[in-house]
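I set aside some time to go through this model and to note what I looked up, item by item.

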Amino acid sequence: MTLAHLLPLEACLKEVSASSRNEFPTPQIDYFQRYRSVKEWLINNVYKHIGATLATDGGIYTDHGPDHFDQVIVYAGLMIGAEEPKCVPDRLKPYEVYVLLMAILLHDAGNVYGRIGHEKKAFKLLSEMGALAGDDNVQKKDIADVAQAHGGETPTGDKDTIGILKEHSRHATASFRAQVLAALLRFADEVCENRGRGARVLLDGGAISKKSEVYHAYAESVTTAWPDRGAKTIDIKYDIPINRATRLWGKGDGETYLIDEILLRLEKMDLERKYCTRFMFPVFRVDRIDVTININGEDMTPIQTHPIRLEESGYPSSPENLAKRYPHLLGQTLHKCLQTKI
């Protein structure tokens with residue numbers, strides 16, 4: 001992770017923070033410089049310590065270090081077409097770019113305090129920065145809420161962490177769509193898994209904890225993960241050496257085959273596609289996930305190739321049970337209620 005080279009989404013923020021100052025809460029503030037200062041603080045004080053924190057109980061997670069946050073920024077930029085002319089404000093408002101980038105910087109930073117509940121630590125980190133991230137705690141809390149929605153549960157134990165956010169929020173004269181931004185962050189985080197996050201040398205040397213083996217083997221197998229805005233697809237390609245496809249890998253207290261882990265992860269990715277598209281469709285829509293799984297020989301020539309397409313097709317299997325969802329509208333119940341009003 002570097003401050004010297006701007007990623008496309010960061011370049012968007014630099015441009016609009018100079019050209020569209022009136023579309024930010026306080027026009028006198030340079031929001032790009034504020035973002036850069038926050039990123040530098042996190043690099044120096046938080047990101048470099050996450051790996052040590054996660055290496056607990058003998059387990060080693062896939063990379064949650066500095067490069068992961070840049071990868072999420074890259075993928076979020078691809079999803080909104082950050083490299084295209086007029087990406088801002090045609091898809092995101094200038095202030096939304098700032099909120100999205102800040103939320104990405106914070107979304108996994110809470111891992112520095114431990115894996116459990118890490119998504120809830122974004123506001124704590126913003127508070128520890130002090131004035132570096134501004135002095136408006138309402139703004140900080142709203143940004144933290146966008147970051148927090150990438151995982152975890154609601155206070156009632158529901159997984160609908162994006163749905164509980166306000167659809168539209170406003171700071172002074174600047175507005176932003178919290179649900180849209182949270183969905184972009186969450187899905188970018190979901191699809192940015194790649195072989196750069198695995199510990200290849202440790203994996204090949206048998207030095208990865210048995211509890212986490214399959215997570216690194218999975219990351220190492222992802223050779224393509226590409227959001228295609230025009231086709232409204234995510235293209236995923238896996239390349240698995242035959243010796244990795246035919247052995248068991250440690251996972252928690254048990255073992256599993258790599259292909260079984262891939263199928264489970266694809267099922268989760270498709271759930272995230274359906275869930276996030278419900279909120280982010282004004283900016284980015286994903287109609288399907290196209291998958292290619294190659295089982296390769298020693299010379300990396302495919303021995304088997306398995307295509308998978310994840311999408312809605314055909315007639316829905318069953319209608320929603322409205323009687324169960326709205327029991328107070330059942331005829332007998334409604335009849336009893338209305339009897340008292342006659």
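The entries below follow the order in which I looked things up.

**Entry on the model.** I am working with a predicted model, and I keep that in mind for each entry.

**Entry on helix α3.** I began with the length of α3, residues 66-80, whose 15 residues should span 21 Å at 1.5 Å a residue, and I found the end C-alpha atoms 22 Å apart, which agrees. I then looked up burial along α3 and noted H68, F69, D70, V72, I73, Y75, A76, G77, M79 and I80 as buried. In general, an α-helix has 3.6 residues a turn, so residues three or four places apart point the same way.

**Entry on L42.** Next I turned to L42, which sits in helix α2, residues 31-54, and which counts as buried because its relative accessibility is 0%, against a cut-off of under 20%. Leaving out residues up to four places away in sequence, I listed Y47, L105, L106, A109 and M129 as the residues that L42 touches. I also checked L42 against L125, which is 83 residues away along the chain, and found their C-alpha atoms separated by 8.9 Å.

**Entry on the aromatic pairs.** How many aromatic pairs does the structure hold? I found nine, and I followed two of them in detail. For Y31 and Y95 the ring centres are 6.2 Å apart and the planes stand at 80 degrees, so I recorded the pair as edge-to-face. Since Y31 belongs to helix α2 and Y95 to helix α5, residues 94-107, this pair ties together parts that are 64 residues apart in sequence. Both Y31 and Y95 are buried. The rings of Y95 and F176 are also edge-to-face, because their centres are 5.9 Å apart and their planes are at 75 degrees. With F176 in strand β2, residues 174-176, and Y95 in α5, the pair ties together parts that are 81 residues apart in sequence. I noted F176 as buried at a relative accessible area of 1%. F24, Y31, Y95, Y98 and F176 form one aromatic cluster.

**Entry on α10 and α12.** Last, I looked up how α10, residues 213-221, packs with α12, residues 258-280, and found an angle of about 75 degrees with the axes 10 Å apart; the two helices are therefore roughly perpendicular to each other. On the α10 side the contact is made by V214, Y215, A217, Y218 and S221, and on the α12 side by L258, E261, I262, R265 and M269. I sorted the residues of this contact into seven nonpolar, one polar and two charged.

Methods:
Residues numbered from 1 in each chain as written. Predicted model: local features only at pLDDT ≥ 70, side-chain atom pairs only at ≥ 80, totals over all residues. Heavy atoms only, no water. Helix = DSSP H or I, 4+ residues; strand = E, 2+ residues; numbered from the N terminus. Expected span 1.5 Å × (residues − 1). Buried < 20%, exposed > 50% of the residue type's maximum accessible area, 1.4 Å probe, protein only. Contact = heavy atoms within 4.5 Å. Axes fitted to C-alpha atoms, helices over the stretch in contact; angles between N-to-C directions. Parallel < 35°, antiparallel > 145°, perpendicular 65-115°, else oblique. Nonpolar A, V, L, I, M, F, W, Y, C, P; charged D, E, K, R; others polar. Phe/Tyr/Trp six-rings, centres within 6.5 Å; stacked < 30°, edge-to-face > 60°.
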